[in-house]
Structure formats: C-alpha cells, structure tokens
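Take a look at the structure below. We will walk through it in short steps.

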Amino acid sequence: KKMGFKINLFFVSPDYSKKRFNNRLLNKTYLFFDKFCTKNCNRNICNSKYVINEKIKSYGLSKNDKRFLHIPNIPNPWIVDKYKKNEKISNRVIYVGDVSSQNNFKSIFDSIYELKKKYKNLHLMIIGSGNKEKELRDYSKKKKYDFIEFKGNLNHEDTLKEISLSEIGIALYNGNMNYDDFRDSCKIREYQALG
C-alpha cells in the first residue's frame, strides 16, 4: 500500500466439504485453513451457492458479504465441442467415478442384468478405480456379466470421449463420500453437455 500497489487475493474453493478427509485432525486443519483463507481474501470463488451459504453461516460472515463469487463448475467447452457430434452407441451406459464400497455396484450390475432381458445390447462401461475394483471384476466374471467393461482410470479428454459415445450416464451420490457434502457435480454437467 505504501508503494501504491493494491494486492487482491483470490481464493478458489471448488470442492469445499465439512468432511473432506476420513481423519478428524486433517478435517480440522482443512477447515482452519479454509476459514482463514475465506476471511482474508478479497474474493472467494465457489462453484456452489450452497457452499457460499454454508461458509457465511459457519464462519460468522454477513449475508451481504461481497467477497463471494459463484462460478458454476462447467466442462471445458474446447474439449466438449470436439465430441459433441459423436454418434451415440445404442444402449451404452457409463459410470465415471470412484469404484469403492460407497456405492452398491453389485446391485447396479444385477439391475442392468435384469434390464438386459429387455434391451439385448445393453452395455455398462465403468471408468475409474478404487478399493472395490478387483472384487467387482471378479464378481462380474463369476456371474458371467460380459456386458460390463472396466476401463480403469482414463485421462480427462478420453473420459469425455467415452461419455460422448454413451446414451445413459450414471451418477450416484449417497452423501457418505468425503467430498459429497455440497454436490454441484461437474460429472453431471459433462453428461448433460455431451447429450
């Protein structure tokens, strides 16, 4: 200030959560720094209005606080445009995300098996990995669910290409995931942007 410069500090918090980690100490540390940065920045950019309301309430800020800027989480248009015109593969279902115990994948697999009786060419593609991946691969092999394809982790652009080829996207949020407090999912927006 003495030299005539004004510094603006922007704090971007796209994945704010009250339970970010599975560890109480890490969560307390995370929330301490989030509160410190939120209170001491000129602008706090959030992708969810729910996060803004939660921070105002939790951090004792005024409802008229001008530091918050809501910018929704959107897919990269320059990548989406490349795949927008891809032709959909009939009855292709895609799941992108964590392959863990937080969702009941066996029930999903069994449900799609039942749907296959009506839609013969139904196909499920799983993109992502996690602590249940091996068990679910074994389960689908044992049940002879040859309509399930595990692709593992793909880079972002390859994932968007796979989404663009699919007719149905599965997005499941049960509220138990660490980052699932205030869901404003870019994944759902990617599904929608790619038809």
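Predicted model: local features only at pLDDT ≥ 70, side-chain atom pairs only at ≥ 80, totals over all residues.

Start with the cores. In soluble globular proteins, nonpolar side chains tend to be buried together. The largest nonpolar core here has 17 residues. Seven of its members touch the most others: Phe105, Phe109, Ile112, Leu124, Ile126, Ile148 and Ile170. Several elements build this core. Strand S4, helix H4 (105–116), strand S5 (123–127), helix H5 and strand S6 each supply at least two residues. H4 gives the most, with four residues.

Now pick out Phe109. Which residues does Phe109 touch, leaving aside those up to four places away in sequence? They are Leu124, Ile126, Leu136, Tyr139, Tyr145, Phe147, Ile148 and Phe150.

Next, turn to the loops. Find Asn91 between helix H3 (77–83) and strand S4 (92–96). Asn91 is not a glycine, yet its phi is positive, at about 60 degrees. Is Asn91 buried or exposed? Its relative accessible area is 16%. Buried means under 20%, so Asn91 is buried.

Then move on to Lys144, in the loop between helix H5 (133–142) and strand S6 (148–152). Lys144 is also a residue other than glycine with a positive phi, near 60 degrees. Its relative accessibility is 69%. The cut-off for exposed is over 50%, so Lys144 counts as exposed.

Technical notes
Residues numbered from 1 in each chain as written. Heavy atoms only, no water. Buried < 20%, exposed > 50% of the residue type's maximum accessible area, 1.4 Å probe, protein only. Core = buried A, V, L, I, M, F, W, Y, C linked by side-chain atoms within 4.5 Å. Contact = heavy atoms within 4.5 Å.
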